Amino acid sequence: MPGRIGSFFRSLLRKGAVEQALDDELQSAVELLTQEKMKEGLSHPEARRQALIELGGVEQVKEEVRAIRPGMFLETFAQDLRYTFRELRKRPTFALTAILSLALGIAATSAVFSVVYAVLVDPFPYPGSDRIMELSMRDSAGKDRYAGLNGPQMQQLRQTKSIESIAGMDQWNLTTTDGDLPEDVRAGYLSPDDPNHWGTPALMGRWLIPSDAPYGKDPQPIVVIGYKFWQRYYFGDPGVVGRTLQLVHKPYQIVGVMPPRFKWGDTDIYLPLHVTADPSIYFGASIKLRPGVTVAQANADIQPYLEQFAKEAHAHYPEKFRSNLRSITELYAKPLGPTLYLLLGAVASLLLIGCANVSILLLARSAERQQEFAVRSAVGAERLRIVRQLLTESLTIAFAGTILGVLLAWRSLALIIAWLPENSFPSESVIKMNWPVLLFSVGLAFATAVLFGLSPAIQLSRPDIARLMQGSGRRVMGSANTKRTHKAMVAAQVALTLLLLSAASAAGKGFLRLVKADLGYDPHATMSVPIPIHENTYGTWKGRSEYFEQIRAAIASMPEVIDAGISTNATPPENGWDTRFELFGSASGQQPEARVNFISPEYLTVLHIPLAQGRLFDHTETMRGAPLALINQTMARQYWPNGNAIGQQVKIAVLKDEPPYSPAASGSDGWLQIVGVVSDVRDDGLRNPIKPAIYVPYTIKMRMFTQILVRTRVPPLSILRDIRARLVRLDREQQVMQVRDLEAWITGLQEYSQQRFIATLFGVFSVLALVLAAVGLYSVVSYGVATRTNEFGIRMALGANSSDVFRMALTSTAVNVGAGLVAGIILSIVFDKLSTRWVMESSRNPLILAGVTLILIAAAALACFLPARRAVRVDPMVALRHE
Amino acid sequence: MGKERTDLLRGTLDLLILKALALEPLHGVGVSRRIAQITGGAFQVSFGSLFPSLHRMEEKGWLEAEWRASENNRRAKYYRLAPSGRAQLRAEERDWKQVVKIMTGAVGSA
């Protein structure tokens with residue numbers, strides 16, 4: 001129907017002309033009728049009056065005509081919109097508050113849920129990642145021990161019907177030898193027998209294939225590089241496949257580049273693993289289950305194999321154990337789960353508070369406007385039209401809130417990503433805006449706006465016109481229904497805000513405790529330089545201990561350096577390896593655990609750790625691998641409460657000689673004599689009690705790796721390049737791994753950064769909630785005062801003084817706030833269990849509860865006080881004349 | 001003017017308007033007066049129904065409108081039957097006669 005469509009556009013485009021024509025037509029009809037009446041002998045005014053009556057009202061007829069026009073809907077919509085903008089401009093505070101309330105809720109919810117989704121729902125890019133497992137053995141004490149597998153064991157396990165594939169894994173720090181300074185490269189060695197284990201095709205070239213490393217044969221000199229390494233080392237050169245990469249002087253041909261999200265093992269490059277039939281070489285193993293196989297079934301399948309392996313190599317296995325497969329999702333993505341769910345709860349509360357605010361504002365405002373609608377309906381506005389007008393206003397607010405909310409969500413997501421504790425989630429997860437949840441929160445915002453924009457509208461749009469017209473708007477009391485809704489909303493807001501505040505202060509308190517924790521050492525101006533060595537180098541005990549000492553001395557002799565010590569595994573505040581030891585003279589078989597640290601004597605002076613008793617081992621003792629040990633005070637107290645630790649002896653069985661990877665001094669696994677007690681240092685993080693610690697000379701047993709602890713006169717990291725240059729002079733392949741100063745070792749602790757993360761976000765959210773709730777209260781009291789101005793005027797005229805009025809204006813709200821406070825306190829106590837587990841601090845703490853209650857009361861008082869003052873200032877004469 | 005009779009009329013308003021305009025172009029008030037005249041004053045159409053109907057029939061293309069001077073030299077919007085309106089009038093007249101014949105037969109037989 002082209003004609004109809006034509007007229008649709010005509011009526012849209014030439015809306016003004018069409019309206020004008022209708023206006024002219026009706027005016028002329030009025031004149032014609034007037035003249036008719038005048039011919040009958042009526043005076044002009046009377047004739048005109050009669051004419052208008054016969055026509056039935058110009059505006060009504062216009063409405064009727066407009067109603068049949070196509071394009072009518074859009075036309076009135078534009079009209080409504082214009083009117084809406086005028087209204088909102090007239091009351092900017094109302095509009096801004098409503099829009100901000102929605103925007104904050106939408107932004108916080110979408111940003112936090114996006115993180116939850118990326119980390120918990122879709123953390124890994126590998127197809128079937130929920131079937132990729134790590135194998136450990138759970139002993140009778142409930143502790144998990146990692147189960148490595150040797151070549152023949154892998155071959156055997158592959159026969160199990162619940163296992164689809166097994167990938168052997170190993171990691172080495174290699175170094176590039178085709179640049180000016182050797183660069184550290186983290187190399188992942190993977191057995192390529194089943195390339196589908198990860199199911200991820202290469203970005204360019206190919207992934208590892210079985211012929212790269214046939215079982216028992218030497219692997220091919222090929223390498224697949226990771227995306228980041230490709231970007232960093234080759235600047236994303238598209239022609240890199242086919243070129244040669246020199247690693248520790250051996251050329252490898254690059255056969256592929258992996259896509260950005262493939263970060264298995266967080267390594268730079270991937271090489272084929274040389275799996276041999278030698279039963280003494282163990283590898284890490286990643287096991288992929290067949291689809292449909294449950295973890296319990298797989299464990300049951302594997303258990304007999306593991307028991308068989310335990311019979312063959314007794315030392316590697318605990319006495320009694322159960323096979324314990326855990327998916328990589330459970331291991332690497334789940335730990336952040338509780339934190340994120342807690343946050344999600346917080347932001348959901350924020351969204352609810354925001355929505356409650358909007359509904360309070362809308363309800364209060366429509367009550368204010370009852371009279372306006374009465375007038376409009378009297379001059380011919382249909383009920384549907386009024387509803388549509390209100391709907392337009394609500395939707396405009398929702399729309400503006402949404403746009404602002406989406407923008408805010410984007411910003412806050414970037415902030416949250418920057419704040420997320422490092423290494424607390426799989427590096428494969430890509431955190432980006434989650435559209436479904438953005439849509440959900442936007443939907444909720446719209447639903448709130450429509451529901452609360454309309455519910456009063458429907459009852460309002462057919463008011464008793466006569467009564468409203470006669471009365472002043474101020475005499476109109478809000479309906480009982482509206483008031484009940486207000487009360488519930490206020491109480492709910494206060495309760496949720498209190499819950500958020502108490503969670504936030506508990507989190508903040510927990511964080512403060514970490515910050516104030518007594519470390520026992522001095523972390524300032526000190527860094528830890530980790531140094532790996534290469535396969536087939538420094539294989540003898542003498543060679544290696546001297547090389548490590550050369551490195552230490554080279555760094556210690558630099559002018560910027562105060563002192564340098566060796567700390568193989570002893571960088572605090574989470575240091576040492578949990579190791580079983582035996583006490584001389586105790587019943588054999590008793591094997592308590594302590595944290596064993598491998599150090600040089602300078603370690604204690606660099607960290608300013610005082611000696612409490614006895615003496616340190618000296619340089620010559622260290623260099624000959626003397627069987628001596630120091631212990632910390634905790635250990636001394638625990639085993640020798642009478643203070644007679646010095647001269648006692650301990651034996652650590654695992655310190656046996658294992659060349660060429662881990663050479664040990666002669667007598668290392670014999671009795672070690674305790675020569676000194678050093679004061680306690682945090683060795684199990686900032687939160688846990690200090691564990692018993694044993695310090696032995698680093699030369700007792702060495703790995704393919706050492707760390708030098710360096711105290712400097714200048715900012716530590718500034719001398720890094722000099723250090724690297726000095727090390728290359730000792731060994732031209734010697735690289736340095738990533739270096740951090742000791743403060744970064746503290747802030748990088750998961751417990752620290754996670755607590756800081758929770759405390760900050762909760763703090764921000766609870767302040768937002770407080771502000772929103774205060775605004776909600778403010779509007780409720782303002783509304784109450786506005787509707788009762790008249791009443792207050794009369795009361796004051798009859799002799800009520802201002803404090804009476806003040807009290808009246810506040811009483812009902814105070815009751816609601818009180819109910820909200822009580823509910824909030826109960827909620828906080830109920831959620832206490834959750835908060836102690838996740839925020840690491842009890843929210844039932846009476847001090848915290850009292851504190852946040854006071855804050856809330858103060859905010860509520862302020863929010864109520866301002867509008868209530870308006871009630872007191874009511875001039876009785878003005879109020880009464882309002883009639 | 002009983003209320004029921006105007007209601008009854010509503011369904012046949014289109015026919016009456018077309019009939020009123022069949023002789024000569026008229027403005028809105030003129031259409032109202034002509035209908036009163038041809039029905040012997042039995043039906044008086046309210047302007048609230050008349051104007052929307054006129055506009056709807058104009059949208060449908062049954063009527064054409066033009067502005068010209070009225071009998072007392074004022075500008076007024078005159079409606080005139082378009083060819084499709086004339087066809088519509090014939091069709092509605094035929095339908096109406098059919099209904100009357102059937103209804104008369106039905107009512108008379110009782």
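How many residues does the contact take from chain B and from chain A?

1. The contact takes 17 residues from chain B and 16 from chain A. Two residues are in contact if their C-beta atoms, placed from the backbone, lie within 7 Å. This is a predicted model: local features need pLDDT of at least 70, side-chain atom pairs count only at pLDDT 80 or more, and totals for chains, interfaces and linings use all residues. Residues are numbered from 1 along each chain as its sequence is written, while chains are lettered from A and ligands numbered from 1 in the order in which they are written.

2. Now the side of chain B that touches chain A. Here α3 (28–38), α4 (47–60) and β3 (75–81) of chain B each supply at least two residues. Helices (H or I, at least four residues) and strands (E, at least two) are DSSP runs, numbered from the N terminus. The most comes from α4(B), with seven residues.

3. Next, the helix pair. α3(B) and α4(B) pack at an angle of about 115°, and their axes are 10 Å apart. Axes are lines fitted to C-alpha atoms, for helices over the stretch in contact, and angles run from 0 to 180 degrees between N-to-C directions. From α3(B), B:Gly28, B:Val31 and B:Ser32 make the contact; from α4(B), B:Phe47, B:Leu50, B:Phe51 and B:Leu54 do.

4. Last, the sheet. Three strands of chain B form an open, antiparallel sheet in the order β1-β3-β2. Strands pair if DSSP finds at least two bridges between them. β1 (26–27) and β2 (63–69) of chain B stand at the edges with a single partner strand each, so one side of each has no neighbour in the sheet. Two bridges join β1(B) to β3(B). B:His27 has B:Tyr78 of β3(B) as its bridge partner.
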